[in-house]
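Please look over the sequence and the structure before reading on.

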Amino acid sequence: MAGADQKTAGQGTVLPRHIAIIMDGNGRWAKKRGLPRTAGHAAGAETFRRIASYCRDLGIEYLTVYAFSTENWKRSADEVSAIMGLLKKYLEEAIEKMRRENVRIRILGDLTPLSPELRALIDRVEAIDETLETHTQANLCVNYGGRDEIVRAVKAWEADPDRGELTEEELSKYLYTAGMPDPDLIIRPSGEERISNFLLWQSAYSEFYFTDVLWPDFTPKDMDAAIAAYQKRDRRYGGVKK
Ligand code: IPE
Ligand code: IPE
Ligand code: MG
């Protein structure tokens, strides 16, 4: 469906083009089971695999997930390295399976503090990604912060000799999400109801869906419930309903 129609037809049976998820609650999921927090992250990574395939099957064009924030470095070195290890495992598998799964994968965030090994894997994934003909793209936000993204975008714009006049549209071209539609629906599981520095610019008119389900327990049924809730929303973008 064309972008303009999508904007006005945000109710009924229209699928969101872009769904974003704050994958939260891994630590509490593990704690409830007497497991280390890292076991929760491993379970959460499995959930991501399942939900990404489900979104592809539904025909969702963009799925953006928050995997590691610019603030998550505050956690113990063990927990951070377990998360980076899971990311490495995921990317290695992706290199094997991307053509079969037919989901394009992009990593969004400031990748400079990641290990050279991880960065090389990301480059390999993105090279395959350019060759895929698919309708679904999964964006993994790693060392991502919404404020950091905006500051970087302004700096990149300033440094660009071909920059245009600074407008909302112009600045959007320097964000990690350049060229993608804004998220229609942002889901946060785990019972927390906050944005935690996710997609601050892009979420201006997103619909929010909160659920107490912890991310490792999140199933395609929970995704259906979130989409059904979205389809009942009345998106007005500041206008008045006719
Ligand atoms: C989300 O789960 C994953 C990351 C932030 C990396 P948490 O690790 O935040 O889980 P809780 O919130 O402690 O339960
Ligand atoms: C947000 O969750 C970041 C990710 C899910 C990657 P956090 O668990 O870090 O957020 P806060 O600390 O509860 O706000
Ligand atoms: Mg959390």
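The model is predicted. Ligand 1 sits in the largest pocket, where 13 residues surround it. The protein covers 87% of the 380 Å² of accessible area that ligand 1 has on its own.

**Shell around ligand 1**

- The closest of the surrounding residues are Asp24, Gly27, Arg28, Arg37 and Arg75.
- By class, the shell holds five charged, five polar and three nonpolar residues.
- At least two shell residues come from each of helix H2 (26-32), helix H3 (37-58) and helix H4 (77-101).
- H2 gives the largest share of the shell, three residues.

**Polar contacts of ligand 1**

- The side chain of arginine 37 places an N or O atom 2.8 Å from an oxygen atom of ligand 1.
- A polar backbone atom of glycine 27 is 2.9 Å from an oxygen atom of the ligand.
- For asparagine 26, a backbone N or O atom lies 3.1 Å from an oxygen atom of ligand 1.

**Helix H3**

- H3 has 22 residues and, at 1.5 Å a residue, should span 32 Å.
- Glycine 59 follows H3 and has a positive phi, near 95°.

Conventions
Residues numbered from 1 in each chain as written. Chains lettered and ligands numbered in written order. Predicted model: local features only at pLDDT ≥ 70, side-chain atom pairs only at ≥ 80, totals over all residues. Heavy atoms only, no water. Near = heavy atom within 4 Å. Polar contact = N/O pair within 3.5 Å; in protein donor to acceptor, adjacent residues only side chain to side chain. Areas by Shrake-Rupley, 256 points an atom, 1.4 Å probe, with all protein chains shown as cover. 1 Å grid on protein atoms, 1.4 Å probe; cavity = no way out; pocket = protein on both sides within 12 Å on 5 of 7 lines; lining within 4 Å. Sits in = over half its atoms within 2 Å of the grid points. Helix = DSSP H or I, 4+ residues; strand = E, 2+ residues; numbered from the N terminus. Nonpolar A, V, L, I, M, F, W, Y, C, P; charged D, E, K, R; others polar. Expected span 1.5 Å × (residues − 1).
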